[in-house]
Amino acid sequence: MIIDRIKTLLTAKLISRRSFLKTSVASSITLLGLTGCGSEEETVVAVKEEVSSATEPVIEETPLETVAPREKGEVSRQTCPRNCHDTCSILSEVKDGRIINITGDPTNPITAGGLCVKMNHYKSWVYHADRLLYPMKRVGAKGEGKFEQISWDEALETIATKIKENVDKFGPESVLKYYYSGNLGFVQNYGMMHAFFNKLGASELATNICTLAGDKAIPFTYGKDKGIDPEEYANTNLYVSWGANEAATNVHTVKFIKQCKENGGKVVVINPVRTGIANFADQFIQIKPGTDAVFVLAVINYIIENNLQDQAYIDAYTIGFEELKATASEYTMEKASQITGVSVEQIEEFAKLYGTTKPSILRIGYGMQRNSNGGTMVRAITLLPALIGAIGAGANSGYIYINISYWAPDYVGGLQAKELLQNPVRSINMNELGKALTGGLETTKETPISTLVVFNSNPMAITQHGKLVREGLSREDLFTVVLDIFRTDTADYADIILPAATFFEYEDLNQDYLGYYLRHNAPAIEPLGESKSNIDIFNALAKKMGYTEPIFDKTEHDAVKICLETEIIATQGITYDTITKQGWVKLNIDVPFADKKFETPSGKIEFYSEKLKEAGFHPVAEYVPTAESEEGDKELFAKYPLTFITSSTKNLLNSQMHNVPQVRELMGEPYVFIHIDDATERGIVDGDSLDVTNDRGTIKLIAKVTSSITKKGTLISYKSTWPKLVEGGKSINEITSDRLADMGGGSAYHTNLVEVSKAK
Ligand SMILES: Nc1nc2c(c(=O)[nH]1)N[C@H]1C(S)=C(S)[C@@H](COP(=O)(O)OP(=O)(O)OC[C@H]3O[C@@H](n4cnc5c(=O)[nH]c(N)nc54)[C@H](O)[C@@H]3O)O[C@H]1N2
Ligand SMILES: Nc1nc2c(c(=O)[nH]1)N[C@H]1C(S)=C(S)[C@@H](COP(=O)(O)OP(=O)(O)OC[C@H]3O[C@@H](n4cnc5c(=O)[nH]c(N)nc54)[C@H](O)[C@@H]3O)O[C@H]1N2
Ligand code: SF4
Ligand SMILES: [Mo]
């Protein structure tokens, strides 16, 4: 049986390569690019999975007996709306009202035919036996998970009545929406639901949970964050992966990074974790978490001491070079090596390479800035490309962080009816949900939150300091409504659960937040059971509340059209017909900073920033230890000496897919990588069940003992399993910190000290 299966896969792989070559060169590269990008022991599974996904679209073309004939159906085009850089274009086939096949669209250059290990299981997700198909009301205790089916009318009536009651008693600001990125569609995430809360006068939710410290840091240097096109990785001479994990979080760019190498370029990884890219990088710098600013300043010092900077560029387009020189001179190689755990030779090797290679691209990941010193780390990194004149020097030169600032706000403004908000309202930072619900915030002390409406998020799995979030959601006086596709841990605390449709069941518009594409999502099938899209749900609720504004009569189709009429899209000649024809269109975006105009106070790149100083930071850059580290808190470190990083895994997309049995089988029990020295000191061997503990709580993980994935002192696990699906009922975010990053009020998930022991 197994041999037959492997034979089928291998035959199909060959066939698929052949026919992919026929269809598009880019898609064949995807096949090559996707294989071998997983880390160590994960690679075998990854190869099998990606092969199976890549073969799906072409099986019908093969006459071989080993491959079963596949049914054909009507094809429509979707876009994967997950919070994933790739934003894959999808083709699905429908027969008799049911999806029979889901594949990547081979015509798109980025996503080129394959999906990813997790979303290869999209069909099992759409038709999952646990899909919520009807509205439900809670009949057990909060968190117990006992619900009873009710009608839509009863559900909406109950919600409208309770909201009105709570608004009368406590005021509209006692109502809070909690949403984030379960679905990043312009309509279904940023659309008219916000008009509903504006009309109500509910509290604002300050987003985001993901990139804020970096978002805030970059403009100090460049005025605005404008990253290069990731397809250009293939055309550069040096690609630096800095605190990113492309092989897990951005799989379709791995082929471009490999092309960079194939063309003679160099690849460097700077990360405390040996990522998939590190496996083929020319240099892997396994840095101590939270210390990147020291590394950068030592590199800058070396570049200036060796006169490798681009002085003509610096003189023309920057201010503060002398201050930069003076600041960097304090960061000697020896000091940097001691703090970062990277050898002097390695720092020098990188400095020489970076100082002498053009063009180069710095890929700044998001993991690093989820730290109490995340903003200062990103600020320091942004100084590097300016020093060597890489900014505005061409399409394949510069840096890339999150490209969404080019366009997003322009698209959705019209859907949110901001004019309906009559008075200014308080804003609650989504990173402090636990505190907000339990009276731990100044802003919620006087008017506690009475009503919580959750959509596109699963805070019990993804939000920091889970113990507090659970405490808050358990409050008997809190009325909670959850819109979701599944009965998540969060939904278990709801008074009313509303069944949400999947993106195969509604229309939307999406934008890559890294690539330069705009993509359309057409519905493939009718919503399953009585499920409804977010927009349909909020429109119906608005009617129950008695709202008569025309915005609540707009359908999702209307909303897509409104977005397409906004200036940035309309001026590029993109219409409904053009976008729906192929499902995606590449936006015409200039080479970032080609005009050398910077929206900083000086109009130049600012090595020295007065604004940064006014905000309470070093005006150039500095090293600040993280709040939970040996230097940051000696007492805490004595108790909890291990830094616990919990970033992405290729098997999940945040909390999504963890409830799909095939995916859980692939992943196995949640695990943590522990360095062999740390394990030995504690009598831990590979496979042991561990208690991972700090003052916020204890969770259970299986030990994976390693000598290379992480260094001594750092533990690596991943976000964001469902608490109810793991041993002990508590997952990663039970023990992560809800302290805020230094800039922008961002999250600091990785500023997290723990101790481990064999499970009791
Ligand atoms: N420990 C740790 N935790 C982290 C992070 C970390 O680095 N470490 N990273 C954080 C980051 S960066 C992020 S962005 C967050 C992400 O966290 P979230 O934004 O919560 O994202 P997801 O887990 O993808 O999705 C949440 C829910 O949305 C639902 N959903 C999907 N589509 C729809 C729809 O169309 N309608 C409705 N109503 N629901 C839908 C899904 O079923 C799922 O239950 O996690 C954060 N959590
Ligand atoms: N498969 C998959 N893909 C995803 C997601 C997912 O959950 N699964 N999540 C999506 C979301 S919401 C986001 S925001 C993006 C995130 O995309 P990425 O930024 O690529 O991923 P992260 O996993 O958050 O963190 C990246 C890396 O930061 C490193 N890191 C942590 N601390 C430090 C540090 O102090 N210094 C340095 N140099 N590195 C550090 C971690 O080791 C990790 O490898 O990915 C998206 N794509
Ligand atoms: S999760 Fe990312 S890589 Fe996977 S299908 Fe969706 S967009 Fe593509
Ligand atoms: Mo994120």
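Ile90 has its bridge partner in strand S3, and that partner is Gly104. The model is a predicted one, where local features need pLDDT of at least 70 and side-chain atom pairs count only at pLDDT 80 or more, while totals for chains, interfaces and linings use all residues. Residues are numbered from 1 along each chain as its sequence is written, chains are lettered from A and ligands numbered from 1 in the order in which they are written, and side-chain values use heavy atoms, with hydrogens and water left out.

Back to the strands. Strand S2, residues 89-95, is joined to S3 by 6 bridges, and the two run antiparallel. Strands here are DSSP runs of E, at least two residues long, helices are runs of H or I with at least four residues, and both are numbered from the N terminus. Two strands pair if DSSP finds at least two bridges between them.

The sheet that holds this pair is open, has 3 strands in the order S1-S2-S3, and pairs antiparallel. At its edges are strand S1 (74-79) and strand S3 (98-104), each pairing on one side only. On average, neighbouring strands of this sheet are turned by 30 degrees against each other, direction ignored; axes are lines fitted to C-alpha atoms, and angles run from 0 to 180 degrees between N-to-C directions.

There is another open sheet of 3 strands, ordered S18-S19-S20, again with antiparallel pairing. S18 and strand S20 (584-586) are the edge strands, and each pairs on one side only. Strand S19, residues 517-521, pairs with S20 in the antiparallel sense over 3 bridges. Arg519 has Trp584 as its bridge partner in S20.

Next, strand S27. Which strand is joined to S27 by 2 bridges? Strand S22, residues 642-647, and the two run antiparallel. In that pairing, Leu642 stands opposite Val754 in S27. S27 also pairs with strand S24, residues 689-694, in the antiparallel sense over 4 bridges. Thr693 of the chain stands opposite Glu755 in S27.

On to ligand 3. Which cavity does ligand 3 sit in? Ligand 3 sits in the second largest cavity. A cavity is a set of points, on a 1 Å grid over the protein atoms alone, where a 1.4 Å probe fits but cannot get out. Sitting in one requires more than half of the molecule's atoms to lie within 2 Å of its grid points. Around ligand 3 are Cys80, Cys84, Asp86, Thr87, Cys88, Leu115, Cys116, Met119, Val251 and His252, where a residue is near if one of its heavy atoms lies within 4 Å. By class, that shell has 7 nonpolar, 2 polar and 1 charged residues. Ala, Val, Leu, Ile, Met, Phe, Trp, Tyr, Cys and Pro count as nonpolar, Asp, Glu, Lys and Arg as charged, and the others, Gly among them, as polar.

Aromatic pairs: the count comes to 30. Trp125 and Phe503 have ring centres 6.1 Å apart and planes at 40 degrees, so this pair is tilted. Trp125 is in helix H4 (residues 122-126) and Phe503 in the loop between strand S17 (496-499) and strand S18 (508-511), so distant parts of the chain, 378 residues apart, are linked. Rings of Phe, Tyr and Trp (its six-membered ring) pair if their centres lie within 6.5 Å; planes under 30 degrees apart are stacked, over 60 edge-to-face, the rest tilted.

Last, some backbone points. The peptide bond from Thr207 to Asn208 is cis, with omega near 20 degrees. Asn208 is in the loop between strand S7 (204-206) and helix H8 (212-222). Lys719 and Ser720 are also joined by a cis peptide bond, with omega about -20 degrees. Ser720 is in the loop between strand S26 (714-718) and strand S27 (753-758). His465 is not a glycine, yet has a positive phi of about 50 degrees. His465 lies in the loop between helix H20 (459-462) and helix H21 (466-473).

Definitions and conventions:
1 Å grid on protein atoms, 1.4 Å probe; cavity = no way out; pocket = protein on both sides within 12 Å on 5 of 7 lines; lining within 4 Å.
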